[in-house]
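Subject: Structure handover

Hello,

Please find the structure below. My notes follow it.

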Amino acid sequence: MAKVKRGKVVSYNKWGYIFLIPFIVVYLIFQLVPLFRTFYYSFFENYRSGLTQIGPNFVGLQNFITIFKNPDIWIYTENTLIMWIMGFIPQIIVSLVLGAWFSDPSLRLKGQRFFKTVIYLPNLIMAAAFAMLFFTLFSEGGPINEILMQLGWISEPYKFLSNEWSTRSLVAFMNFLMWFGNTTILLMAGMMGIDTSLFEAAEVDGATSTQVFFKITLPLLRPILIYVMITSLIGGLQMFDVPQILTNGTGDPMRSTMTLIMYLNKHLFSKNYGMGGALSVILFIITGLLSLVVFKFSNKKD
Amino acid sequence: MLSIETNETKKGMGIHARRILAYVVLILVSFLCLFWFYVLFVNATRSHGELTKGFTPIPSTYLLKNWQGVMAGTLPIVRGMFNSLFVALCSAALCTYFSTMTAYAIHVYDFKIKKFMFTFIMAVMTIPTQVTALGFLQLVSDMKLEDNFIPLIVPAIAAPVTFFYMKQYMESALPLSLVEAARIDGSGEFRTFNTIVVPLMKPAIAVQAIFTFVSSWNNYFTPALILHNDKMKTLPILIAQLRSADFLKFDMGQVYVTIAFSIFPVIVVYLILSKFIVQGVAMGSVKG
């Protein structure tokens with residue numbers, strides 16, 4: 001009897017492998033092989049100079065040395081990080097405040113569904129079209145300049161896209177708009193998970209809502225906050241669509257909005273596979289390290 | 001109730017003041033989210049001449065004219081929309097169906113590499129598509145699949161994030177006894193999956209289908225590297241093309257209509273489905 005049953009279990013479990021086949025096959029072909037190939041390419045000199053194809057010649061770690069010796073990668077890393085931080089700080093502050101309000105039962109905010117729907121909306125908009133929209137709205141003869149002039153705040157059109165910091169601010173602002181709704185909903189879900197008896201006890205002890213927020217909500221939210229921060233940083237390193245469309249791929253003014261992925265995109269378009277590969281490997285390693293942090297924290301939570 | 005009363009007498013801000021502050025901030029933030037789309041809508045309805053005269057918040061009557069101008073122009077925007085729609089629908093269908101299947105394999109069966117597979121999928125979850133793009137492009141050109149939708153659709157079958165969501169959902173919604181019962185009734189494993197598990201997973205499939213659809217619809221990086229033929233281009237590539245063209249020569253009313261055309265369909269669909277979407281985001285986070 002036992003033997004029969006065992007045989008049956010095994011025969012069912014072979015279906016586990018069968019159901020995994022589509023995932024494994026597709027993942028191998030379209031993700032894993034390309035990943036290894038990218039690694040492989042990073043060790044070769046392989047580019048086009050005019051009409052002549054150079055390489056592929058094995059050059060070891062030369063591509064990496066070239067990349068790190070060139071100041072470009074540091075400039076682009078700095079750009080990416082600056083624009084991420086400029087977007088992330090307002091994002092986390094607004095999300096925390098809104099999340100606290102949404103999850104506070106004593107406030108009994110009306111129209112919560114409406115507000116949540118509205119703040120999540122920009123996240124679903126095509127980033128390319130959103131950037132194009134901002135490009136036209138903030139152009140010299142665009143509506144924003146017209147409005148500001150009608151209000152009498154400025155006397156002549158401000159060139160938003162000719163100034164390093166205003167361009168960076170626009171990119172950061174768009175990232176903020178696109179992501180704060182998502183973060184608010186994540187943090188709110190985390191706040192709802194906090195044991196309500198803690199809040200009740202604090203209220204009995206006479207704590208103000210500000211004290212409750214800083215002494216109870218924030219410390220208990222720490223794991224989720226770290227999760228949000230690191231995943232946002234991973235997303236920030238992939239920043240591409242918005243600055244690419246806004247500046248037409250140039251990263252102007254003076255390459256101050258050129259991000260790492262825009263740099264990679266340039267190598268891919270000019271078919272410089274050696275440098276593109278090396279850059280991909282660097283990005284892979286950074287993302288991998290950041291993911292490890294997330295992994296550690298989400299395991300701790302259990 | 002009592003606690004609220006006492007709260008108001010304490011030195012912190014009263015509940016009414018806090019509520020008013022909350023509403024003011026929420027309205028401000030909502031304004032920040034919607035303002036741009038309102039301007040887009042208004043400007044899409046105005047003629048080039050009107051647009052150069054300055055901004056007014058009142059819509060005009062040139063929407064149809066602008067649209068006809070876009071249709072007569074060189075940017076194949078309707079074709080682009082159908083391309084985007086096709087790629088996004090196929091991706092959403094394949095991604096949700098096969099991610100459910102992968103999750104089912106890990107959730108229901110016991111086999112040697114089960115644990116390894118789960119850890120592996122979790123580990124590769126955060127690898128950005130951009131870092132494999134180089135090898136991916138080489139593969140696509142080796143397979144002669146440039147200017148083809150296959151490399152944009154088929155990879156959706158292996159989607160670690162969707163898999164994880166499905167797995168989480170199964171843990172709460174799919175009792176193993178149900179699978180056992182189906183077996184006793186003589187249902188084959190594949191049939192059980194299709195006729196019992198997939199219908200049961202409908203809510204999760206709906207949420208993930210929306211997210212996959214939207215991210216495929218919005219995707220610019222990979223399609224821009226693969227699609228070069230005008231007939232195959234998706235909307236984001238056409239938008240980028242509009243951006244790189246000589247801007248001053250354009251009729252601005254038409255530019256706005258083109259942007260509106262790629263943004264508003266998503267907004268309409270979102271407003272219809274918003275309940276599921278916002279819930280879906282929260283659901284993923286509580287469990288993740």
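How many cavities of 30 Å³ or more does a search of the whole structure find? The search finds two. A cavity here is a set of points, on a 1 Å grid over the protein atoms alone, where a 1.4 Å probe fits but cannot get out. About 40 Å³ of space lies in the largest cavity, a volume being the space filled by probe spheres set on the points. Lining residues have an atom within 4 Å of a point; for the largest cavity they are A:Leu237, A:Gln238, A:Ile261, A:Leu283, A:Thr287, B:Pro128 and B:Val131. Five of these are nonpolar, two polar and none charged.

This is a predicted model, in which local features need pLDDT of at least 70, side-chain atom pairs count only at pLDDT 80 or more, and totals for chains, interfaces and linings use all residues. Residues are numbered from 1 along each chain as its sequence is written, chains are lettered from A and ligands numbered from 1 in the order in which they are written, and side-chain values use heavy atoms, leaving out hydrogens and water.

The model scores ipTM 0.87 and pTM 0.88. Chain B has an average pLDDT (the predictor's confidence in each residue, from 0 to 100) of 87, and 93% of its residues score at least 70. Over residues 1–11 of chain B, pLDDT stays under 50. Where pLDDT is low, the predicted coordinates should not be read in detail.

Chain A has twelve helices and two strands, counted as DSSP runs (H or I, at least four residues; E, at least two). The C-alpha trace of chain A spans about 90 × 75 × 30 Å along its principal axes.

Regards

Key:
Contact means heavy atoms within 4.5 Å. On a 1 Å grid over the protein atoms alone, a cavity is a set of points where a 1.4 Å probe fits but cannot get out, and a pocket is an open set with protein on both sides within 12 Å along at least five of seven lines; lining residues have an atom within 4 Å of a point. Ala, Val, Leu, Ile, Met, Phe, Trp, Tyr, Cys and Pro count as nonpolar, Asp, Glu, Lys and Arg as charged, and the others, Gly among them, as polar.
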